[in-house]
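Please keep the sequence and the 3D view open while reading.

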Amino acid sequence: MSVISMGKALIDTVKIDLKANKIAFTKEIKKATKKAHVDLERKVTKEIKQIKTEADYIKMLKVFYHYFQPLSEQIDRFITADVLADKAQRRNASSLKHDIEELGGSISSDASPQLPEITNVHQALGAMYVFEGSILGGRFVIEMLKKRSMKRGFSFFQGYGEGGGEKWNYFLTVLNQHAESDEAKQEINVAASQTFHCFSLLF
Ligand code: HEM
C-alpha cells in the first residue's frame with residue numbers, strides 16, 4: 001500500500017469513527033430526553049388547542065419568551081462563536097418578542113422561571129439542544145395554529161426555513177465533539193432533561 005493510499009485509508013477510518021460517534025451520542029441524548037419531549041409536546045399541544053383568539057396566542061408566546069429569554073442569556077455566556085461558528089446567525093428569543101409585537105402584544109419583565117443549571121459549556125450545549133430542537137417540531141406547531149385561524153406571528157416556530165436541516169446537523173456535530181467523555185455526556189444529558197422539565201413546569 002502506498003503512503004498516499006494509507007493516508008486516505010486513515011482519513012476514511014477517522015471519518016467513519018466520527019460518524020459512528022455522532023450517531024451514538026445523537027441517539028443517546030434523543031433517548032435520554034424522549035419522555036421529557038413527549039410530556040412537553042402533550043402540554044404544548046393542549047395549550048394550542050385552547051387558542052381561540054390572537055390574544056390567546058400572545059399568551060402562549062409570552063410563556064415561551066419568559067423562559068427562553070433568560071435561558072438564552074445563560075447559554076450565551078458559554079456558547080460563543082469559538083464553540084459554534086454560526087452562533088450569531090442562530091435564532092434567539094428576540095424572534096418571540098418580534099412575534100408578540102407583530103400580534104400587538106408587549107413584553108413585561110415580571111417573570112422569573114426556574115432555569116436549568118448552566119455553569120459550563122456542556123450544560124449550555126444541553127440546554128441549547130432543547131432550544132434548537134424545538135425548531136424541528138415548529139412546522140407542526142404552525143399547522144396546528146393555522147387550523148385555529150392564526151395567520152401571523154410565526155417567525156419563532158418557522159426557525160431557519162430552508163437551511164434548517166444543515167443548521168441542525170452542524171449543531172449536532174459540535175454537540176458531539178464536546179461529548180468527549182462520560183462526564184461530559186452526563187452533563188449534557190442532565191442539562192437537556194432539566195431544560196425540558198423546567199419548561200414543562202410553566203404549562
Ligand atoms: C406541539 C409541540 C411539538 C411537536 C408536535 C414536536 C414535534 C417534534 C418532532 C416531529 C420532532 C422530530 C423531527 C425530526 O426528526 O425531523 C421533534 C424533535 C425535537 N423537538 Fe419537538 N415538538 C414539539 C415541541 C417541542 C418543544 C416545545 C421543544 C423544546 C422546547 C421541542 C424539542 C425538540 C427537540 C430537542 C427535538 C430533537 C430530538 C432529536 O432528534 O434529537 N419540541 N419534535
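How many nonpolar, polar and charged residues does the shell around the ligand have? The shell has eight nonpolar, five polar and two charged residues. Ala, Val, Leu, Ile, Met, Phe, Trp, Tyr, Cys and Pro count as nonpolar, Asp, Glu, Lys and Arg as charged, and the others, Gly among them, as polar.

This is a predicted model: local features need pLDDT of at least 70, side-chain atom pairs count only at pLDDT 80 or more, and totals for chains, interfaces and linings use all residues. Residues are numbered from 1 along each chain as its sequence is written.

**Overall fold**

- The chain has nine helices and zero strands. Helices (H or I, at least four residues) and strands (E, at least two) are DSSP runs, numbered from the N terminus.
- Of the 203 residues, 29% count as buried. A residue is buried if 20 or more other C-beta atoms lie within 10 Å of its own, exposed if 12 or fewer, and partly exposed in between; C-beta atoms are placed from the backbone.
- Among contacts with a separation of 6 or more, 84% come from residues 24 or more positions apart. Two residues are in contact if their C-beta atoms, placed from the backbone, lie within 7 Å.

**Ligand shell**

- There are 15 residues around the ligand, and Lys30, Gly133, Ser134, Leu136 and Gly137 come nearest. A residue is near a molecule or strand if its C-beta atom, placed from the backbone, lies within 6 Å of it.
- Two or more shell residues come from each of α2 (34–49), α5 (121–133) and α6 (138–147).
- α2 gives the most, with five residues.

**Helix α3 against α5**

- The axes of α3 (residues 54–76) and α5 come within 9 Å and cross at roughly 140°. Axes are lines fitted to C-alpha atoms, for helices over the stretch in contact, and angles run from 0 to 180 degrees between N-to-C directions.
- That angle makes α3 oblique to α5. Angles under 35 degrees count as roughly parallel, over 145 as roughly antiparallel, 65 to 115 as roughly perpendicular and the rest as oblique.
- α3 passes α5 in a left-handed crossing. A crossing is left-handed if the near helix is turned anticlockwise from the far one by less than a right angle, and right-handed if clockwise.
- Phe68, Leu71 and Ile75 of α3 meet Ala124, Ala127, Met128 and Phe131 of α5. This contact has seven nonpolar, no polar and no charged residues.

**Helix α3 against α4**

- α3 and α4 (residues 94–102) pack at about 155°, with axes 9 Å apart. That makes α3 roughly antiparallel to α4.
- Ile58, Leu61, Lys62, Phe64, Tyr65 and Phe68 of α3 make the contact with Leu96, Lys97, Asp99 and Ile100 of α4. These residues divide into seven nonpolar, no polar and three charged.

**Helix α2 against α9**

- The axes of α2 and α9 (residues 182–200) come within 9 Å and cross at roughly 25°. The two helices are therefore roughly parallel to each other.
- Ala36, His37, Asp39, Leu40 and Lys43 of α2 meet Ser193, Phe196, His197, Phe199 and Ser200 of α9. By class, this contact has four nonpolar, four polar and two charged residues.

**Glycine 153**

- Glycine 153 sits in the loop between α6 and α7 (155–158).
- Glycine 153 counts as buried because it has 21 C-beta neighbours inside 10 Å.
- Not counting residues up to four places away in sequence, glycine 153 touches Tyr57, Leu61, Asp99, Glu102 and Leu103.
- Glycine 153 and tyrosine 57 are 96 residues apart in sequence and 8.9 Å apart in space, C-alpha to C-alpha.
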